[in-house]
Amino acid sequence: MTDRTSKIDDDEALAFHRYPEPGKVAIRATKPMATQRDLSLAYSPGVAAPVKAIAANPDAAYDYTSKGNMVAVISNGTAILGLGDLGAAASKPVMEGKAVLFKRFADVDGIDIEVEENDPEAFIECVKRFGNSFGGINLEDIKGPDCFIIEDRLREVLDIPVFHDDQHGTAIISAAGVLNACELTGRKLEDLTVVVNGAGAAGIAVLELIKSMGVKHDNAILCDSKGVIYKGREEGMNQWKSAHAVDTDRRTLEEALDGADCFIGLSIKGAVTKSMVKSMAADPIIFAMANPDPEITPEEVREARSDAIMATGRSDYPNQVNNVLGFPYIFRGALDVRARTINEEMKVAAAKALAELAREDVPDEVAAAYHGNRPSFGRDYIIPAPFDPRLISHVPPYVAQAAMDSGVARKPISDMNAYRSALKRRLDPTAATLQAIYDEVRAAPQKTIAFAEGEEPSVIRAAHAFQSQGLGKAILVGRVETTHANMRLVGVPTDSIEVVNARLSEANTDYADFLYKRLQRQGYLRRDVQRLVNQDRNVFAACMVAMGAADGMVTGTTRNYAQALSDVKLVLDQAEGERVMGMSVVLTQGRTLFIADTNVTEFPTSEALADMAVEVAAAARRFGAKPRVAFLSYSTFGNPHGERSEKIQAAVKALDERGVDFEYEGEMNADVALDPGHRRLYPFSRLSGPANVLIMPAIHAASISTKLLRAAGGATVLGPMLLGLEKQVQIARLGSSVTDIMNLAALAAHDLSASAVNGEGE
């Protein structure tokens, strides 16, 4: 898949896979391993008990091991992406990537296995011998027709789901789109005339699935590079193509498309012309999914027809056929009922579930990904967005129910509503949140971000990623020779990012004049100010922002937060009516939290706490969240009573007097704020749901809690973001990773864009 808005170069991709540790996956223990007793239970002698139980009943492996949530992602590397046969070892980054997607989207543990065997029979024998160690097998990047043979045979010999995603994943998403296209054009599947171009694994799988859903055999024509597959044809045939041969006098793709309702392409760039599109029936359905470039582009289709419904495999066009909409949720449902296989009924159920979801009103997360323009079911939205958070709770129940109804489920689900609730709790919003932020930044007018510590290799890589991904323009502040040397060291072209030397900059004198005017009555001489501009990159970068040479800045990786903020405040003031503070965005499974003040005010007064609540609530809204504010304390509604809790109670009263337009409550313990079940004890609480904005009583509480969540709780923490300055500045933690620095730059650009939209800071 190619994304025009997010170009990735080889050096960036290699660095991503290599640092801070090689690869994309790791294994963690799910049981404590802190004491000798823990070790005795985990291994000898405690492990003997489950061994005996499984020996007596092999299905007990689902109860006593991780088998029930473990999928093997297997390839021999004979058809890697669009790169061809590059060998098993070369397929490992792709298989690791697939394992990451399994975990991210459906909380399925994937283990990649690369088999150095091109002979189908030997490959089958190999996988047969270890396959039942897993709850399911995802086959990937295996050339045709070997993939047909391998999948069919493994399904026969293994008692677990075996699924070749290159075939069936594409088929399921395509079928969902075709269902909705028919709905929009008033067609029925049984009357639909279809042409499929590309008789490989994916093309044949799509054709088989839509036939099982109602498309008639005689209404579907399959084409390959030699033309129509018709009865009696001998050249380039095999048993899988022959199954779809039809009695027709049409011999070319052009002839096949004449009058057809639907085209499904899994072939090559440029296979379809505008004249072919013009010959199709009214309201043609065109799925051009050649990778990376489609058989015909949406622009070309629009030039030929105004009534077409178009889908591609690309993220830069509407209606992307993306396999990530399918395989994570199909396996999730299959594993949860301990299915013996993934059958046709389960694939049809998944396609129908996806089609149904696209017809529903979309949540805020999807609207954010579309730059605030809320999509709705129609010609440009027939397939759900990949980051729709409802996918995890919507698709697996359909798959699980189909497995139960068709008799392949070992462990039926008795309460489907409870199952849906459990699925929702698995959702990790991290990627969805970041994707929405990135998409909004790309859609807004480009912002320029100054990276103050521009000589640092990690900062250079972050600036390069920020700029190359279309998030804005980066400027590195540093000595040109040193910065260029380090750019070469990390593989970033020296001409790709602007570098500004503070001492040699043409703006140096103007910045010194500006700063001297600010500081001359605070004990600074002209030479003191000139030295700051020449030698302190934080001061110089802040001057760039103050004087309009940059829209925002990022710093902090080489000096502590307090020092970096002190440098910046020499140049920039607090925004009128606001308070300078640090806000951390904590992304965990099931929730997003906004926590303040994490970096600036050590012991805030009650008025300061109220100010923080107002400011963080506004920031939460810029992230698309509806703020529900909780003032946290060691006490809950006066129990136990204490001087510190009185300060927080006073902050709540201060908000009462201000008449703010968001929910707030306090003082309260963290568990009361986050667990709506406590409402039974406190029915008077004004919060309608779990709090998502947490105002801490002191900086140490905020800092400790966010770092604990990151280190011990596995949360992703964005920031702390700096709020309240007149210009956009973000300060990273000492030693921040490339991703952390880039995320802060994106957050700076995002806040600038959101403020402009809301009329703030102007």
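**Strand 21**

I began with methionine 553 and found that its bridge partner in strand 21 is valine 729. Strand 14 (residues 552-555) pairs with strand 21 in the parallel sense, over four bridges; two strands count as paired if DSSP finds at least two bridges between them. The model is a predicted one, in which local features need pLDDT of at least 70 and side-chain atom pairs count only at pLDDT 80 or more, while totals for chains, interfaces and linings use all residues. Residues are numbered from 1 along each chain as its sequence is written, and side-chain values use heavy atoms, with hydrogens and water left out.

I then checked the two faces of strand 21 (residues 728-731), and both are covered. Gln728 and Gln730 on one side and Val729 and Ile731 on the other are all buried. Buried means under 20% relative accessible area, exposed over 50%, and partly exposed in between (1.4 Å probe, protein chains only). Strands (E, at least two residues) and helices (H or I, at least four) are DSSP runs, numbered from the N terminus.

**Salt bridges**

I noted 39 salt bridges in the structure, each a side-chain nitrogen of Lys or Arg within 4 Å of a carboxyl oxygen of Asp or Glu.

In helix 14 (residues 327-336), I looked up aspartate 336 and arginine 332, which lie four residues apart, about one turn of the helix. Their side chains meet in a salt bridge at 2.7 Å, N to O. Arginine 332 is buried, at 1% relative accessible area.

Next I took arginine 559, whose salt bridge with aspartate 567 has its closest N and O atoms 2.6 Å apart. Arginine 559 is partly exposed at 29%, whereas aspartate 567 is buried at 5%.

For arginine 686 and aspartate 656, I recorded a salt bridge with the closest N and O atoms 3.1 Å apart. This pair links distant parts of the chain, 30 residues apart: arginine 686 is in the loop between helix 28 (670-674) and strand 19 (693-695), and aspartate 656 is in helix 27 (residues 643-658). Arginine 686 is partly exposed, at 38% relative accessibility, and aspartate 656 is partly exposed, with a relative accessible area of 38%.

I also found Asp59, Asp159, Arg340 and Arg410 linked in a network of salt bridges.

**Negative patch**

Last, I listed a surface patch of negative charge made up of Asp218, Asp247, Asp249, Glu254, Glu255 and Asp258. Patch residues have over 30% relative accessible area and no salt bridge, with like charges joined within 9 Å. Aspartate 258 sits in the loop between helix 11 (253-257) and strand 8 (262-265), and is partly exposed at 45%.

How values were computed:
Patches are made of residues with over 30% relative accessible area and no salt bridge: like charges are joined within 9 Å, nonpolar side chains (Val, Leu, Ile, Met, Phe, Trp, Tyr) within 5 Å. Accessible areas come from the Shrake-Rupley method with a 1.4 Å probe; for residues, only the protein chains shown count as cover. Lys and Arg count as positive and Asp and Glu as negative; His and the chain ends are not counted. The place of a charge is taken as NZ of Lys, CZ of Arg, CG of Asp or CD of Glu.
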